[in-house]
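Hi,

Here is the structure I promised to pass on. Have it open while you read, and my notes follow below.

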Amino acid sequence: MVKQIPGASFQSTYPLYCCDFADPENLVIAGGGGPGRNGVGNKITLLDTSDATQLTEVAELELSPNEDNVMSLVVVGAQRDRPGTTTVLAGVNSSPADVNKGHNKHLRALTISQPGKSAAKTGGTGGTGGVKFSELARDALFVHKDRDTYQRILRLSPAYEGLTTSPRLGAAATGLSKQPQIALFDVPSTNSPRWKTRGRLEPDREAMDLDVIQTGPDTYQLAYCDDHDVFTVEVSKAEVSEPRCVYTIEPELGESVKASFKSLRYLTPGFLITVVNNPQSRGVALHGLRLPKHEEDNARLAIRAKLPSSVSKATSLAVRNLSPVPLPSDKQGEAQFVIAVAGNDSSISLYTLEHKSAFDSEVLSDLAPFQVLKSVHPSSITNLAISTFASPNGSSNSPSELCVKLASVSVGCSTVVHNIPLKKHINKSTSTKTGEASRAARYVVALKSKGESPAFVITAVSLVFLILALVGQVVNEAKGISEPILGARDYLPASWTVPLRKVPRIQEAVEIQKPLEPETLEKLISSINADESQQIVIKQSDLGAVGLDGLPDLHVNVHDEEAHGPATSWENLEKKDQDLWKERLKKSGHWMEDMGETIFKGVLFGEIGGAIGNIVGEAL
């Protein structure tokens with residue numbers, strides 16, 4: 001029996017649309033009822049997730065009831081100069097009155113001040129314990145004044161442990177806008193609640209999802225998708241490139257309708273993982289894409305997997321690298337990624353994906369499920385988040401350190417956090433450029449992933465063989481070839497049970513003919529009915545016909561000057577021509593030495609010199 005992942009739940013008083021971990025023990029959730037909704041406020045709440053059996057409210061910020069609900073949120077992190085203060089960015093539309101005036105300061109910067117763990121826990125369940133939310137700034141990133149626009153997506157490039165000077169790149173995308181936009185901005189490396197605008201993109205269609213990753217000390221890449229295309233944008237200090245389409249979904253074989261992208265996340269600078277909803281709600285798939293290294297290339301499908309058939313559409317995606325590199329320029333070695341996909345049936349499908357690296361080659365492999373969490377929420381799941389994980393120092397084996405936490409929120413006001421257990425894994429020998437072996441330890445999910453089972457294939461092949469065997473036995477019984485085992489003759493039409501006729505074997509007598517011996521020249525001449533006034537001519541074929549002896553065919557006939565051409569009597573032939581003719585007739589068996597030359601007298605001979613003579617000479 002599969003070990004179930006433990007989880008804890010919390011019920012809030014408002015619908016939830018977004019969540020993110022402040023750290024492995026603190027989760028920020030947000031949402032609300034929007035402007036003018038009686039009794040349903042717009043709030044941001046901090047939950048303590050340190051206890052695997054229960055979630056505790058630590059602090060809560062109630063926003064203006066005249067403004068919109070919180071639709072997007074990202075935790076920037078603890079401020080460098082104030083470790084007890086965490087910066088949070090959120091997408092909240094201004095009040096309808098301000099929006100109608102063209103003033104929509106939709107990006108909010110907030111802080112969570114925590115005086116310390118001990119103080120935070122003195123307040124008990126539901127108490128703030130000295131933890132306080134504060135709003136420090138708000139501004140507009142989008143320039144178009146569309147009244148229906150809201151900040152639907154908010155993403156921030158991941159922080160790197162070894163990089164403390166470069167800013168992180170943020171991106172926000174519109175929702176329900178007539179003029180779609182993606183705004184780019186910098187967040188200081190100190191994680192202070194300030195930002196600096198980097199530029200704006202105006203795609204033809206609204207982004208379904210986007211993500212950002214840092215590729216160097218001062219370079220970044222943005223990836224976003226619409227329904228059918230994936231685009232990338234290069235961002236540096238100097239410029240922001242134009243979007244470039246690197247991948248397009250094509251219809252499956254025999255299909256006319258394309259699948260559509262729902263979500264995407266960076267795995268490494270070279271790979272994306274995407275969630276694809278099949279057309280007509282016929283299922284969901286995960287596609288791993290290898291991004292192009294050169295501008296003229298396109299992304300390629302590197303790996304794929306199907307979600308359970310009970311999931312007809314996906315609603316959210318979360319990904320976590322269990323072995324992150326300390327610097328963006330470092331090469332990602334062997335690592336495992338945890339992938340969570342929320343379905344429209346309120347389930348969460350959990351997968352592991354292996355990244356392997358050897359020499360200059362990087363591959364994705366073993367995209368396999370390890371558990372499906374069913375009916376996690378009573379209503380639709382709106383967002384997922386997975387906590388960060390840092391390898392424990394020393395020999396500590398604290399259970400809280402050996403897990404990552406998966407948070408999910410729903411429109412039905414519920415929050416659930418599952419603890420996914422991890423274990424230490426020693427890499428097998430991995431070849432390096434110097435030929436040395438590396439046995440570095442890393443952490444992986446402690447639950448076994450399930451690869452594709454061969455049971456279906458084995459069953460299908462077995463059924464095919466069984467059907468063929470049954471058909472063969474029925475035919476054999478019907479024709480009386482084999483003993484009745486199935487009794488098929490009793491149920492088949494009479495015309496089907498006619499025995500096969502045995503055709504008698506007829507051996508044809510083969511007459512072996514001995515090759516005919518050639519007639520002598522004397523017989524050939526005597527066979528010609530010639531008058532005394534007519535002369536016999538012996539000549540060779542001038543049409544190139546060659547007999548079995550390799551010599552031109554021999555013709556004996558009554559001489560006709562027009563038909564046969566000039567001919568010479570034996571007595572008038574030159575000595576060399578006489579010798580050629582004798583050898584020729586001897587070779588073909590028409591004349592032998594003991595016959596003498598008397599037979600040649602009175603007989604005309606055709607030409608044997610020239611080209612024909614050469615043939616005769618070669619054959620002789």
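Strands themselves are DSSP runs (E, at least two residues), numbered from the N terminus.

Keep in mind that this is a predicted model, where local features need pLDDT of at least 70, side-chain atom pairs count only at pLDDT 80 or more, and totals for chains, interfaces and linings use all residues. Residues are numbered from 1 along each chain as its sequence is written, and side-chain values use heavy atoms, with hydrogens and water left out.

Now to the sheet with β24 and β25. These two strands are antiparallel and share 10 bridges. Ala-358 sits opposite Ser-361 in β25. The hairpin they make has 2 residues between the strands, and Phe-359 there has a positive phi near 55 degrees. On to the neighbouring pair: β23 (335–343) and β24 (348–358) also run antiparallel, joined by 8 bridges, and Ala-340 has Leu-350 in β24 as its bridge partner.

The whole sheet is open, with 4 strands in the order β22-β23-β24-β25 and antiparallel pairing. β22 (314–321) and β25 (361–373) are at the edges with a single partner strand each, so one side of each has no neighbour in the sheet. From one strand to the next, the twist averages 20 degrees (axes are lines fitted to C-alpha atoms, and angles run from 0 to 180 degrees between N-to-C directions).

There is another open sheet of 4 strands, β10-β11-β12-β13, again with antiparallel pairing. Its edge strands are β10 (150–156) and β13 (196–201), each pairing on one side only. Neighbouring strands here are turned by 25 degrees against each other on average, direction ignored. Between β12 (182–187) and β13 there are 5 bridges, and Asp-186 has Lys-196 in β13 as its bridge partner.

Among the residues lining it are Val-99, His-106, Phe-142, Asp-146 and Arg-147. The lining divides into 3 nonpolar, 5 polar and 3 charged residues (Ala, Val, Leu, Ile, Met, Phe, Trp, Tyr, Cys and Pro count as nonpolar, Asp, Glu, Lys and Arg as charged, and the others, Gly among them, as polar).

Cheers

Definitions and conventions: Two strands pair if DSSP finds at least two bridges between them. On a 1 Å grid over the protein atoms alone, a cavity is a set of points where a 1.4 Å probe fits but cannot get out, and a pocket is an open set with protein on both sides within 12 Å along at least five of seven lines; lining residues have an atom within 4 Å of a point.
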